[in-house]
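Please open the structure in your viewer and keep the sequence beside it, ready to select parts by residue number.

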Amino acid sequence: MENKIRSVFKESIRVKEKTSREQVEVIVEITRLIIGSLKNGGKVLLCGNGGSAADCQHIACEFIGRFKKDKKPLPAIALSTDTSVLTSLANDYSYELVFAKQLSGLGKKDDILIAISTSGMAPNIIKAVKTAKDLGLKTAAFTGKDGGKLAALADIAFIVPSHDTPRIQETHITAAHAICEIAEEALYKIDTT
């Protein structure tokens, strides 16, 4: 068991190091888009399925609550959290529309959509990005593998260079934490050194 645990940690570190070499500029650009949206009165909207849905909730709570310092809440909504809305949309329309319909009701021009899919192929996430773009929202994909259809569709795509879903998800949340920390510092002029 100890060797397996060490192996998992080593692979996670390897993927994160490779990501920091290959994708840091993309993370910077996504951070700039988020800060710009928040400065202009927009909000961060997030969507994902399964573990990525949990990541959406995690990221939203970092913006709404405290990341490292007490601050005024920053507007963020994980579109995966309202079970009544999700189940009614899935039942009355289709699962493919559960996020797109919410975006149609909640999204506005200065908002940004963070769309998370480790494969980049989730039909409901792809539909959400198409809807967000139609509404004039900025869109950022968090994905892995080759980025799938999602990477090509979003305004900007953060693609973790791995085919291993757990390592992709771990790297997504590391990048999200970096984004939250920088946004908190920039928007509230917080010195965390």
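This is a predicted model: local features need pLDDT of at least 70, side-chain atom pairs count only at pLDDT 80 or more; totals for chains, interfaces and linings use all residues.

Residues are numbered from 1 along each chain as its sequence is written, and side-chain values use heavy atoms, with hydrogens and water left out.

Begin by showing the protein chain as a cartoon, where you can trace eight helices and five strands (DSSP runs of H or I with at least four residues, and of E with at least two, numbered from the N terminus). From the N terminus on, their order is α-α-β-α-β-α-α-β-α-β-α-β-α.

Next, colour the chain by burial: of its 193 residues, 46% count as buried (under 20% relative accessible area, with exposed meaning over 50% and partly exposed in between, for a 1.4 Å probe and protein chains only).

Now select F142 and F158, the rings of which have their centres 5.2 Å apart and their planes at 80 degrees, so the pair is edge-to-face (centres within 6.5 Å make a pair, and planes under 30 degrees apart count as stacked, over 60 as edge-to-face and the rest as tilted). The structure holds one aromatic pair. Because F142 lies in strand β4 (residues 138-144) and F158 in strand β5 (residues 156-160), the pair ties together parts that are 16 residues apart in sequence.

How values were computed:
Rings of Phe, Tyr and Trp (its six-membered ring) pair if their centres lie within 6.5 Å; planes under 30 degrees apart count as stacked, over 60 as edge-to-face and the rest as tilted.
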